[in-house]
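Here are my notes for when you open the model.

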Amino acid sequence: LSGLDPAQPYFQGTPIEVRLDKSDADFVDIIHTDSAPTIPNLGFGIRPAIGHIDFYPNGGEEMPGCDKNAVSQIVDLDGIWEGTRDFVACNHLRSYKYYSDSIIYPDGFLGYSCASYDVFQEGNCFPCPEEGCPNMGHYADKFKDKVKSDFMKLYLNTGEVKDFPLWRYKVTVTLSGKRKVKGYVNVALYGSGGNTKQHQISEGTLKPDNTYTAYIDAEINVGEITKVKFLWNNNWINPTLPKLGAATITVEVGEN
């Protein structure tokens with residue numbers, strides 16, 4: 001049984017006979033997309049974990065792409081009717097859009113078991129454990145026999161627009177050069193499944209021999225990595241033309 005942002009008003013905090021609960025089926029998975037408090041935030045979705053596994057994409061409260069202004073949201077690619085609905089209940093409706101995308105992407109929407117969304121963002125629940133990570137949505141039941149705790153909260157990030165799945169990588173760069181400079185470092189991944197756009201690893205003071213780490217949510221599953229592109233730039237024009245390189249780049253795949 002898959003709960004797509006089950007309702008909060010009149011249901012949250014009620015007995016399990018009244019609301020959706022993991023006792024309702026052999027396996028219950030939940031996608032929380034609008035779990036901010038109804039008052040004053042107008043959150044429509046239930047907040048507590050109520051299934052065998054509960055997914056909180058983007059933290060479960062505010063979905064990326066739902067903060068567009070009213071006109072651009074209503075006159076959207078999907079047409080005025082769908083755009084109007086999205087403007088009124090965008091976060092709430094993201095749950096079924098993620099689910100429909102999950103059918104097309106069986107390897108997408110990996111959920112990382114974590115204490116909170118902030119801890120997940122810091123990278124403390126990366127990579128997946130030995131038994132793997134469940135996939136949010138249609139294929140969540142593949143994880144049915146691997147659930148070890150009463151409640152399992154899972155976190156992940158999604159894209160702003162369709163197609164929604166993102167694939168998480170840990171990228172570590174050790175710089176080489178003569179002296180420190182101010183600027184930013186970008187890395188793009190190339191692989192058997194395609195190439196990512198440039199993702200920023202660090203910005204500010206860049207020191208040779210220092211190591212910089214970032215978690216990137218790539219828009220495609222790169223597959224087997226064949227090449228990594230390293231780019232850096234000054235924040236302003238520097239007449240001394242400093243040079244900076246990458247001594248090493250390590251890429252860790254969240255899935256394995």
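1. A quick definition before the sheet: two strands count as paired if DSSP finds at least two bridges between them. Helices (H or I, at least four residues) and strands (E, at least two) are DSSP runs, numbered from the N terminus. With that in hand, S3 and strand S5 (residues 153-156) run parallel and are joined by four bridges. Within that pairing, phenylalanine 55 sits opposite leucine 154 of S5.

2. Some ground rules. This is a predicted model, where local features need pLDDT of at least 70 and side-chain atom pairs count only at pLDDT 80 or more, while totals for chains, interfaces and linings use all residues. Residues are numbered from 1 along each chain as its sequence is written, and side-chain values use heavy atoms, with hydrogens and water left out.

3. Now the whole sheet. It is open, has five strands in the order S1-S2-S3-S5-S4, and its pairing is mixed. S1 and strand S4 (112-113) are the edge strands with a single partner each, so one side of each has no neighbour in the sheet. On the S2 side, strand S2 (residues 29-31) pairs with S3 in the parallel sense over three bridges, and aspartate 29 has isoleucine 53 of S3 as its bridge partner. S4 and S5, by contrast, pair in the antiparallel sense over two bridges; there, serine 113 is bridged to leucine 154 in S5.

4. Is S3 buried or exposed? Buried means under 20% relative accessible area, exposed over 50%, and partly exposed in between (1.4 Å probe, protein chains only). Five of the five residues of S3 (residues 53-57) are buried, so the strand is largely enclosed by the rest of the structure. In a regular strand, side chains alternate between the two faces of the sheet. Here both faces are covered: Ile53, Phe55 and Pro57 are buried on one side, Asp54 and Tyr56 on the other.

5. On to the cores. A nonpolar core is a set of buried Ala, Val, Leu, Ile, Met, Phe, Trp, Tyr and Cys residues joined through side-chain atoms within 4.5 Å. The largest one has 18 residues, and those with the most contacts inside it are Tyr169, Val171, Leu175, Ile201 and Leu206. Strands S6 (167-177), S7 (181-191), S9 (199-206) and S10 (211-218) each give two or more residues to this core; the largest share, five residues, is from S6. A second, separate core of 17 residues includes Ile53, Cys66, Phe143 and Leu154.

6. Which residues does valine 171 contact? Contact means heavy atoms within 4.5 Å. Leaving aside neighbours within four places in sequence, the partners of valine 171 include Val187, Ile201, Tyr212 and Ile249.

7. Asparagine 91, in helix H3 (residues 80-104), counts as buried at 11% relative accessibility. Beyond its neighbours within four places in sequence, asparagine 91 is in contact with Thr33, Asp34, Glu61, Glu62, Met63 and Cys66. Tyrosine 117 belongs to helix H4 (residues 117-121). Not counting residues up to four places away in sequence, tyrosine 117 touches Asn58, Gly59, Tyr155, Leu156 and Asn157. Tyrosine 117 and asparagine 157 are 40 residues apart in sequence and 9.7 Å apart in space, C-alpha to C-alpha.

8. Last stop: valine 18, in the loop between strand S1 (2-4) and S2. At 46% relative accessibility, valine 18 counts as partly exposed.
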